[in-house]
Amino acid sequence: MQALGATARTDKVGLAVLAMVLTDLTLSVADAAIKATSSDMPLWQFFLLRSAVTMPFLIAIVKWLYPSISLRPGHAGWAALRSGLLLASLGACSNMSQTQ
């Protein structure tokens with residue numbers, strides 16, 4: 001019998017922390033490179049370019065460190081919902097900044 005709150009699955013806390021640290025590092029490097037090259041770029045182009053620069057590095061790092069880990073989400077519907085909400089919030093913030 002399992003203790004209250006215990007789960008049968010094993011969480012990969014170390015992998016999650018490593019992913020967050022590497023994400024912050026690559027986003028910081030990408031932000032610095034993009035800010036140095038263009039100061040009058042619209043916000044949506046900035047985010048698109050930052051993602052295009054950052055994602056290949058993150059995928060390569062994770063695949064190099066953990067080749068047996070799948071990068072596919074366990075529940076694709078939740079990942080799609082989260083992405084859609086982030087995109088909607090980015091659009092709302094962009095519209096609010098343009099009206100001021």
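**Reading the helices**

Mentor: Helices here are DSSP runs of H or I with at least four residues, strands are runs of E with at least two, and both are numbered from the N terminus. This is a predicted model, in which local features need pLDDT of at least 70, side-chain atom pairs count only at pLDDT 80 or more, and totals for chains, interfaces and linings use all residues. Residues are numbered from 1 along each chain as its sequence is written, and side-chain values use heavy atoms, with hydrogens and water left out.

Trainee: Is Val-29 buried or exposed?

Mentor: Buried means under 20% relative accessible area, exposed means over 50%, and partly exposed is in between, with a 1.4 Å probe and protein chains only. Val-29 counts as exposed because its relative accessibility is 52%. Its C-alpha atom is separated by 9.6 Å from that of Val-53, 24 residues apart along the chain.

Trainee: How many helices and strands does the protein chain have?

Mentor: There are three helices and zero strands. Read from the N terminus, the order of elements is α-α-α. Of the 100 residues in the chain, 13% count as buried.

Trainee: How is the span of a helix judged, and what does α2 reach from its first C-alpha to its last?

Mentor: The expected span is 1.5 Å times one less than the number of residues. Helix α2 covers residues 43–65, which is 23 residues, and reaches 32 Å, close to the 33 Å expected.

Trainee: Where does α2 bend?

Mentor: A bend at a residue is the angle between two axes, one fitted to the seven residues ending there and one to the seven starting there. In α2 the bend is about 25° and falls at Thr-54, with a proline, Pro-56, following within four residues.

Trainee: What is Thr-54 in contact with, beyond its neighbours within four places in sequence?

Mentor: Contact means heavy atoms within 4.5 Å. With those neighbours left aside, Thr-54 is in contact with Thr-26, Leu-27 and Ala-30. Thr-54 counts as buried because its relative accessibility is 4%. Also buried in α2 are Phe-46, Arg-50, Leu-58 and Val-62.

Trainee: What does Leu-18 touch, not counting residues up to four places away in sequence?

Mentor: Leu-18, which lies in helix α1, touches Leu-65 and Tyr-66 under that rule. C-alpha to C-alpha, Leu-18 is 9.1 Å from Val-62, although the two are 44 residues apart in sequence. Leu-18 is partly exposed, with a relative accessible area of 27%.

Trainee: Which residues form the nonpolar patch on the surface?

Mentor: A patch is made of residues with over 30% relative accessible area and no salt bridge; nonpolar side chains (Val, Leu, Ile, Met, Phe, Trp, Tyr) are joined within 5 Å, and like charges within 9 Å. A salt bridge is a side-chain nitrogen of Lys or Arg within 4 Å of a carboxyl oxygen of Asp or Glu. Here the patch is Val-13, Val-17, Met-20 and Val-21, with about 370 Å² of accessible area together. Accessible areas come from the Shrake-Rupley method with a 1.4 Å probe, and for residues only the protein chains shown count as cover. Val-13 is found in helix α1, residues 13–37, and counts as exposed at 56% relative accessibility.
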